[in-house]
Amino acid sequence: MATKLFNPSATAAPDAAISAEAMDRLRPRLERVLRKICPPWLKSQSDDLVQVAMLRLVDVLAASEQERTFNSSYLYKVAYSALVDEIRRLRRRREVAIEDDEGEPMPIEARVPDPEARTAGSQLRDEIAECLKRLIAPRRAAVVLHLHGHSAAEAADLGGWGLKQARNLIQRGRADLRACLAGKGLQP
């Protein structure tokens with residue numbers, strides 16, 4: 001089903017403006033599309049998303065110099081684009097709703113560890129650093145590269161080793177690290 005809208009700049013006649021009647025027919029269609037594609041955690045902003053999509057359609061009409069018809073596929077693309085832009089904006093700003101869909105306040109969890117957890121974490125970091133210092137240099141280098149997320153092939157390139165040698169250094173270095181930590185009463 002296509003909705004026909006008129007462009008205000010297409011003609012000088014006063015009745016050629018975008019009719020409220022046409023916009024009223026278009027809005028429910030956009031609402032249906034957004035209801036289908038909107039994730040549950042974003043349902044509270046569905047009215048805003050419909051409004052953004054409507055504004056995009058008005059912009060298209062203003063840029064057009066002739067009568068426009070919007071089919072269902074085009075409306076879906078506009079609604080989807082508005083939704084994706086909103087999700088990106090929220091992720092960029094890392095916004096979190098303080099109320100759920102029913103308007104009930106949601107518990108806010110602290111993301112910063114308490115002082116005891118920070119102290120325990122720094123002590124663990126110091127113990128791991130001390131155990132790493134005890135490893136022989138090639139194993140230490142291989143394990144550190146592995147802990148930083150490098151694959152065995154990348155560690156081999158960075159360390160100047162063959163692939164098999166890098167795998168062995170990582171495997172034996174990790175075993176030595178686990179043994180050292182177990183000797184200190186820490187389980188990895």
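**View A. The one aromatic pair that the structure holds.** Here aromatic rings of Phe, Tyr and Trp (its six-membered ring) pair if their centres lie within 6.5 Å, with planes under 30 degrees apart counted as stacked, over 60 as edge-to-face and the rest as tilted. The partners are tyrosine 76 and tyrosine 80, whose rings are stacked, at 6.0 Å centre to centre and with 15° between the planes. Both tyrosines belong to helix 3 (residues 72-93), where they are four residues apart, about one turn of the helix; helices (H or I, at least four residues) and strands (E, at least two) are DSSP runs, numbered from the N terminus. Tyrosine 76 is partly exposed, its relative accessible area being 38%, and tyrosine 80 is also partly exposed, with a value of 42%; on this scale buried means under 20% relative accessible area, exposed over 50%, and partly exposed in between (1.4 Å probe, protein chains only). The model is predicted, so that local features need pLDDT of at least 70 and side-chain atom pairs count only at pLDDT 80 or more, whereas totals for chains, interfaces and linings use all residues. Residues are numbered from 1 along each chain as its sequence is written, and side-chain values use heavy atoms, with hydrogens and water left out.

**View B. The packing of helix 1 (residues 20-37) against helix 3.** The two helices pack at an angle of about 60°, and their axes are 9 Å apart, where axes are lines fitted to C-alpha atoms, for helices over the stretch in contact, and angles run from 0 to 180 degrees between N-to-C directions. That angle makes helix 1 oblique to helix 3, given that angles under 35 degrees count as roughly parallel, over 145 as roughly antiparallel, 65 to 115 as roughly perpendicular and the rest as oblique. Helix 1 and helix 3 form a right-handed crossing, a crossing being right-handed if the near helix is turned clockwise from the far one by less than a right angle, and left-handed if anticlockwise. Helix 1 contributes Leu26, Arg29, Leu30, Val33, Leu34 and Ile37 to the contact, and helix 3 contributes Ser72, Leu75, Tyr76, Ala79, Tyr80 and Leu83, with contact meaning heavy atoms within 4.5 Å. By class, the contact of helix 1 with helix 3 has ten nonpolar residues, one polar and one charged; Ala, Val, Leu, Ile, Met, Phe, Trp, Tyr, Cys and Pro count as nonpolar, Asp, Glu, Lys and Arg as charged, and the others, Gly among them, as polar.

**View C. Glutamate 86 in helix 3.** Glutamate 86 is buried, with a relative accessible area of 15%. When its neighbours within four places in sequence are left aside, glutamate 86 is in contact with Leu42, Gln45 and Leu49.

**View D. The packing of helix 4 (residues 115-134) against helix 7 (residues 163-183).** The angle between helix 4 and helix 7 is about 130°, and their axes lie 9 Å apart; the two helices are therefore oblique to each other. Their crossing is right-handed. On the side of helix 4 the contact is made by Glu127, Ile128, Cys131, Leu132 and Arg134, and on the side of helix 7 by Leu177, Cys180 and Leu181. The residues of this contact divide into six nonpolar, no polar and two charged.

**View E. Glutamine 171 in helix 7.** Glutamine 171 is exposed, with a relative accessible area of 54%. The C-alpha atoms of glutamine 171 and arginine 139 are separated by 8.7 Å, while the two residues are 32 residues apart along the chain.
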